[in-house]
Amino acid sequence: MSFNPETVQALLKAASNNPDFKMNKESLAVTCELLTAFTTEVVMRSTQQALQRRSSMAHASELDGGDTKLDVNCLERVLPQLLLDFN
């Protein structure tokens with residue numbers, strides 16, 4: 001997984017509300033790497049949360065199928081600690 005540098009720069013420029021916003025290539029590359037690392041970690045932790053939830057549901061006999069699905073609840077549970085870890 002990777003992020004398109006032009007897209008990242010356009011998003012950062014729009015968020016800064018500064019029409020003269022510019023980033024050099026090295027800064028943009030590091031920002032893309034950080035976004036990739038953050039996104040990968042979000043997916044990994046959310047997957048762990050979903051698996052734990054599925055396991056606890058199996059013990060309660062509430063499992064409806066064999067698929068483990070990520071949803072907003074998984075993200076909401078891991079996001080606070082993730083933000084602290086990336087601070």
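Reader: Where does Met 23 lie?
Author: In this predicted model, Met 23 sits in the loop between α1 (5–16) and α2 (25–59).

Reader: What is Met 23 in contact with, leaving aside neighbours within four places in sequence?
Author: Met 23 is in contact with Gln 9, Leu 12, Leu 28 and Thr 31. The C-alpha atoms of Met 23 and Lys 13 are separated by 9.2 Å, and these two residues are 10 residues apart along the chain.

Reader: Asn 17 next. Where is it found?
Author: Asn 17 is also in the loop between α1 and α2.

Reader: What about the phi of Asn 17?
Author: Asn 17 has a positive phi of about 55 degrees, although this residue is not a glycine. Most residues other than glycine have a negative phi.

Reader: Is Asn 17 buried or exposed?
Author: Asn 17 has a relative accessible area of 69%, so it counts as exposed.

Reader: And Thr 36, buried or exposed?
Author: Thr 36 is buried, because its relative accessible area is 17% and the cut-off for buried is under 20%. Thr 36 has its place in helix α2.

Reader: What does Thr 36 touch, not counting residues up to four places away in sequence?
Author: Thr 36 touches Met 1, Ser 2 and Phe 3.

Reader: Switching to α3. What is its reach from first C-alpha to last?
Author: Helix α3 covers residues 72–85, which is 14 residues, and reaches 20 Å, close to the 20 Å expected at 1.5 Å a residue.

Reader: Where does α3 bend?
Author: α3 bends by about 40 degrees at Leu 79, and Pro 80 is a proline that follows within four residues.

Reader: What caps the N-terminal end of α3?
Author: Asp 71 does, with a side-chain oxygen 3.2 Å from the backbone nitrogen of Asn 73.

Reader: Which residues are buried in α3?
Author: Cys 74, Val 78 and Leu 82 are buried there. In an α-helix, residues three or four places apart point the same way, because there are 3.6 residues a turn.

Reader: How many aromatic pairs does the structure hold?
Author: The structure holds one aromatic pair. Phe 38 and Phe 86 form it edge-to-face, at 5.0 Å centre to centre and with 85 degrees between the planes.

Reader: Which parts does the pair tie together?
Author: Phe 38 lies in helix α2 and Phe 86 in the segment after α3, so the pair ties together parts that are 48 residues apart in sequence. Phe 38 is partly exposed at 22% relative accessibility, and Phe 86 is partly exposed with a relative accessible area of 35%.

Reader: What pLDDT does the protein chain average?
Author: The average is 86, and 89% of the residues score at least 70.

Note on methods. Residues are numbered from 1 along each chain as its sequence is written. This is a predicted model: local features need pLDDT of at least 70, side-chain atom pairs count only at pLDDT 80 or more; totals for chains, interfaces and linings use all residues. Side-chain values use heavy atoms; hydrogens and water are left out. Helices (H or I, at least four residues) and strands (E, at least two) are DSSP runs, numbered from the N terminus. Contact means heavy atoms within 4.5 Å. Buried means under 20% relative accessible area, exposed over 50%, partly exposed in between (1.4 Å probe, protein chains only). The expected span of a helix is 1.5 Å times one less than its number of residues. The bend at a residue is the angle between axes fitted to the seven residues ending there and the seven starting there. A polar contact is a pair of N or O atoms within 3.5 Å; within protein, one must be able to donate a hydrogen and the other to accept it, and residues adjacent in sequence count only if both atoms are side-chain atoms. pLDDT is the predictor's confidence in each residue, from 0 to 100. Rings of Phe, Tyr and Trp (its six-membered ring) pair if their centres lie within 6.5 Å; planes under 30 degrees apart count as stacked, over 60 as edge-to-face and the rest as tilted.
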